[in-house]
Amino acid sequence: MAGSVDDVSGKAGRDPGGRRHAEVPDALSTPADVRSFGRRRGRKATAHQRQLLDELLPKVTIDAAVLAAAQPEGLASLTSLCGKPGAEVWLEIGFGGGEHLIWQARNNPNVALIGSEPFEDGVVKVLTAIEDSGLDHVRLLADDVRPLLRALPDAALSRVFILFPDPWPKRRHRKRRLIQPEFLGELARVMRKGAELRFATDIGDYARTALLALYANAKFTWAAEAPADWRGRPDDWPATRYEAKAVRECRPRYYFRFERR
């Protein structure tokens, strides 16, 4: 394969993307779930944004406990909870400002889309799009995705997006990176055969360690045949604000696609 693990390298350092990280463990974290994200809140919500959070968010939230209780029905219960019985289910983990999730929702009306994001400002942006554009096939989780993954039935997801996750560049914080062997094992369980995992980062060291972890899991196959396959985005992969910042600051971007064997 022309695009190999050795082609992607980088040196860890201060996060050049300017993303801030909290040091205090989240109240919901457990020893098994080391916190993998930074802030939960940024600006103070406006009155309308608070209304969206208080009234609309509960209506579109996909609750891990409710999903787990409905497990005997498996995928049928999941698609019903997403408002699209019988549809494919896609999941975006850490949707940030929501640009990618909203684009996918508008361009794939027949797909049930789940987005997870603990940062309140991003959640508000997607809630606004749901209200303004009638995106009734979008469900949200304003929290850590891992409890939801455990509640999902086997082979439930047809596509998963992890785009520019918190990089935790300092060596002592690498255990907080989302893409770890145990996480990938759970992800493989909930992805169906032939499902696609899309992962992007602008941190060379994260690209390298993520590739090594994915290579170590026999259930994923890298779809790249040449370097061009991971140096550019496909047409159905819109840019995000984090990517735009990396472009402005002349940092390389890596776009990986893996298939669930």
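Biologist: Which residue in S5 stands opposite Leu-157?

Modeller: This is a predicted model, in which local features need pLDDT of at least 70, side-chain atom pairs count only at pLDDT 80 or more, and totals for chains, interfaces and linings use all residues. Side-chain values use heavy atoms, with hydrogens and water left out, and residues are numbered from 1 along each chain as its sequence is written. Strands (E, at least two residues) and helices (H or I, at least four) are DSSP runs numbered from the N terminus, and two strands pair if DSSP finds at least two bridges between them. S4 and S5 (residues 191–201) run parallel and are joined by six bridges, and in S5 the residue opposite Leu-157 is Met-191.

Biologist: Which are the edge strands of the sheet?

Modeller: The sheet is open and has seven strands with mixed pairing, in the order S3-S2-S1-S4-S5-S7-S6. Two of these strands pair on one side only, and these edge strands are S3 and S6 (220–222).

Biologist: Within that sheet, is S1 mostly covered or exposed, and how many of its residues are buried?

Modeller: Buried means under 20% relative accessible area, exposed over 50% and partly exposed in between, using a 1.4 Å probe and protein chains only. On one side of S1, Val-89, Leu-91 and Ile-93 are buried, as are Trp-90 and Glu-92 on the other. S1 (residues 89–93) is therefore mostly covered, with a buried count of five of five.

Biologist: Which residue in S2 is the bridge partner of Ile-93?

Modeller: S1 pairs with S2 (residues 112–116) in the parallel sense, over five bridges. In this pairing, Ile-93 has as its partner Ser-116.

Biologist: Is His-137 buried or exposed?

Modeller: His-137 sits in the loop between H5 and S3 (138–141). Leaving aside residues up to four places away in sequence, His-137 touches several residues, including Cys-82, Lys-84, Pro-109 and Leu-113. Because its relative accessibility is 4%, His-137 counts as buried.

Methods:
Contact = heavy atoms within 4.5 Å.
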